[in-house]
Amino acid sequence: MVMGFRTKLLPWSSSAAGAGAQADAMCDAAAAVVAARQGMETPLTAVAEAFEELARGMEADGGEIRLAPFGDTCALVSVLFNSLGIAFKFAESEYVTKVNDLIGASKEYATLNDILDKDVEHDCVKKQGSHSRNLRRVRLGLGLIKALFEQFLATEGSLYDAATTAYGQVCAPFHSWAIRKAVGAGMYTLPTREQLILRLNETDSSVQKEMRRYIDASSPIIEYIDSLFLSRNIVLDW
């Protein structure tokens, strides 16, 4: 369940205009979820806490993930993509569209498992626009942020190096040459490590703690999503 936090814009929101543009790109449901959390002191804390809550819910539901809280939680991650600037606009735009679809689907389907069951039945798991395909894309978005945080914490190098490695691991294998080239060029517009920490309203020490919280909390969620496909003999090469 999403808590009712304050909704005023904080320093980590790029600007009132930017927030408005982001809200326009999102459906009302997703925008409402993000707005509900934007009063938190830091976006990273809000996201980490939401994934910890989702993981606890998965345990309480016997290992299944309910679609409604999953969509609400994933909507928050768009704020992290936004903090990375123009370089990750390609990921933010696609990610937000897919999350919107899953939030809408939660009115019809109770769990992620239900989505896969229905799409397998209709032989449309990989079909453009299917809920299962959108779930796969959202999972890649979660994994991209996780990999970026892992790289960020593993070295003292630039954010460029961390993001380039993360993209190469998670998304590049599924992108065309043209997209990979465009992404590579966009990476040069990334903020510095210090600028990212400032945008996230964190300190050197707190950013490490909160990034680790996200990594730890999102890992079982990502693994569960992968298992939904693999248990149905659907290879994750798309």
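Predicted model: local features only at pLDDT ≥ 70, side-chain atom pairs only at ≥ 80, totals over all residues.
Colleague: What is the mean pLDDT of the protein, and which helix has the lowest mean?

Modeller: pLDDT is the predictor's confidence in each residue, from 0 to 100. Its mean over the protein is 85, and 83% of the residues reach 70 or more. Helices are DSSP runs of H or I with at least four residues, numbered from the N terminus. Contact means heavy atoms within 4.5 Å.

Colleague: At what angle do the axes of α3 and α4 cross?

Modeller: Axes are lines fitted to C-alpha atoms, for helices over the stretch in contact, and the angle between N-to-C directions runs from 0 to 180 degrees. For helix α3 (residues 43–60) and helix α4 (residues 67–83) the axes come within 9 Å and cross at roughly 160°. The two are therefore roughly antiparallel; angles under 35 degrees count as roughly parallel, over 145 as roughly antiparallel, 65 to 115 as roughly perpendicular and the rest as oblique.

Colleague: Which residues of α3 and α4 meet?

Modeller: Those of α3 include L44, V47 and F51, and those of α4 include F70, L76 and L80. The contact divides into 13 nonpolar residues, one polar and no charged. Ala, Val, Leu, Ile, Met, Phe, Trp, Tyr, Cys and Pro count as nonpolar, Asp, Glu, Lys and Arg as charged, and the others, Gly among them, as polar.

Colleague: How is an aromatic pair described, and how many are there?

Modeller: By the distance of the ring centres and the angle of the planes. Rings of Phe, Tyr and Trp (its six-membered ring) pair if their centres lie within 6.5 Å; planes under 30 degrees apart count as stacked, over 60 as edge-to-face and the rest as tilted. The count is six aromatic pairs. In one of them, F81 and Y95 have ring centres 5.2 Å apart and planes at 50°, so the pair is tilted. F81 lies in α4 and Y95 in helix α5 (residues 89–105), so the pair ties together parts 14 residues apart in sequence.

Colleague: How does α5 cross α7?

Modeller: Their axes come within 9 Å and cross at roughly 130°, helix α7 being residues 131–154. That makes α5 oblique to α7. Y95 is among the α5 residues that meet α7. This contact divides into nine nonpolar, three polar and four charged residues.

How values were computed:
Residues numbered from 1 in each chain as written. Heavy atoms only, no water.
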